[in-house]
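Hi everyone, thanks for coming along. I'd like to walk you through one model today, so please have a look at the screen and then we'll go through it together.

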Amino acid sequence: MKYTEIMVRYGELSTKGKNRKDFIGRLAGNVTKVLHDFPEIEIHPRHDRMHIVLNGASFSEVDQRLRKVFGIQTYSPTIKVEKTLQAIEETSLELMKETFKPGMTFKVNTRRSDHHFTYDTNELNTMVGDYLFKHMADLKVEMKHPDLTLRIEVRQDAIYISNQLLHGAGGMPVGTGGRAVMMLSGGIDSPVASYLALKRGVDIEMIHFYSPPYTTQKALNKAKELTGILANYSGRINFIAVPFAEIQETIKEKLPEGYLMTVQRRFMLRLADRIRAQRNELAIFNGESVGQVASQTLESMAAINDVTTTPVVRPVATMDKTEIIKLAEEIGTFDLSIEPFEDCCTIFAPPRPKTRPKIDKAREFEARLDVEGLIERALSGIKVTTIHPNEKFLADKAEEDAALL
């Protein structure tokens, strides 16, 4: 059976009161963005539902995109019919025959916003149920926990019939939570933090530090490809590559080993904050998890945060590594994150970094450096790339293996 449209339910957006219209408008824009290559589709955002009119488009193809749009609580592929009992009964039967399997239980659930319609909800439930029993075998009704619910919505313009309730990504529409930068490494944690930021409606731009010749083009491309996976949830993401080799070389040459990591991270945060300010954004996000590594103890965080008063948000701060890995697998970033391309955080990592660095010591050691000159030269070399969903930057492994033969 060909579905005529998809009925989208908003979930958390229903709590937004006077701002509800703005949130729905943003969600409609995001849905339009992810379905941009389906020119036949029409999107009609309304106060209580969004209607996506398919006009012949494949529901299964649209479904793959829609399930990753934040701000959607649930949605149903739906058939729109005329407001007659015959149309309701015949369409309900056709839909049930396609999806019902022997042994399943079902119920009919009618909702009526058009209170002038000829039949009330109980009458429709009974009449449609009786019609199905007359034309199908092995039906069994279960009112509390049915395997299948046939939903009939009687609205002012038409009747809408569905028997699937699909769960969306939840959260808030990307763009409703303000704009921020995300410090993206090539590891497991920061892509998960990026996903969680997007889920709360934050429109993020990625900042990635790279240090040629110590880091390779593959490491940079890995970070870009991770961004391409995350762009599935926002439509597109700007990727800002920041050269970091001179800063790392200078720190290694002039500062004690124990504070290499702390001062290096202070420079990263300074640069992220400068870029944030230049691009009129509100906060800095990163993938730090409390106590996971030496730079993520509370003492280290305090020493690093000392360089800015901008809010630094850490979505995975209290998550266990196993929880982070599980979410990375679910969103599709894990396999790429564990590819062994060294990033700039590991190439100059000291064997015994300070896990409880002192803020005054970090400031003292940093005073030996031309901080402003190093920052300015790094900023002058940044490169911004707009990355689209699933955009590829790494060669296919099979292609690489073939080239070696």
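T149 is buried, at 12% relative accessible area; here buried means under 20% relative accessible area, exposed over 50% and partly exposed in between, with a 1.4 Å probe and protein chains only. T149 sits in strand 6, residues 148-154. Helices and strands are DSSP runs numbered from the N terminus, helices being H or I of at least four residues and strands E of at least two. Leaving out neighbours within four places in sequence, T149 is in contact with K107, N109, S162 and N163, where contact means heavy atoms within 4.5 Å.

A word on where this comes from. This is a predicted model, in which local features need pLDDT of at least 70 and side-chain atom pairs count only at pLDDT 80 or more, while totals for chains, interfaces and linings use all residues. Residues are numbered from 1 along each chain as its sequence is written, and side-chain values use heavy atoms, with hydrogens and water left out.

Now the overall picture. The protein has 15 helices and 14 strands, and its C-alpha trace spans about 85 × 60 × 40 Å along the principal axes. Of the 405 residues, 51% are buried. Among contacts between residues at least 6 apart in sequence, 80% join residues at least 24 apart.

Which residues have the most contacts inside the largest nonpolar core? They are I6, V31, I52, M96 and L132, in a core of 46 residues. By nonpolar core I mean a set of buried Ala, Val, Leu, Ile, Met, Phe, Trp, Tyr and Cys residues joined through side-chain atoms within 4.5 Å. Apart from that one lies another core, of 34 residues, including M182, L184, V192 and L220. In soluble globular proteins, nonpolar side chains tend to be buried together. Back in the largest core, V31 touches I43, M50, I52, L66, V69 and I72, not counting residues up to four places away in sequence.

Six strands form an open, mixed sheet in the order 13-12-9-10-11-14; two strands pair if DSSP finds at least two bridges between them. Strand 13 (312-313) and strand 14 (383-387) are at the edges with a single partner strand each, so one side of each has no neighbour in the sheet. Strand 9 (179-183) and strand 10 (203-210) pair in the parallel sense over five bridges, and A180 has I204 of strand 10 as its bridge partner.

The peptide bond from P212 to P213 is cis, with omega near 5°.

Next, a helix pair. Helix 5 (189-199) and helix 10 (321-331) pack at about 70°, with axes 9 Å apart. The contact is made by D189, P191, V192, Y195 and L196 of helix 5 and K321, I324, L327, A328 and I331 of helix 10.

Finally, two asparagines. N280, in the loop between helix 8 (260-278) and strand 12 (283-285), has a positive phi of about 55° although it is not a glycine. At 65% relative accessibility, N280 is exposed. N390, in the loop between strand 14 and helix 15 (397-404), also has a positive phi, near 60°. N390 is partly exposed, at 45% relative accessible area.

Key. Axes are lines fitted to C-alpha atoms, for helices over the stretch in contact, and angles run from 0 to 180 degrees between N-to-C directions.
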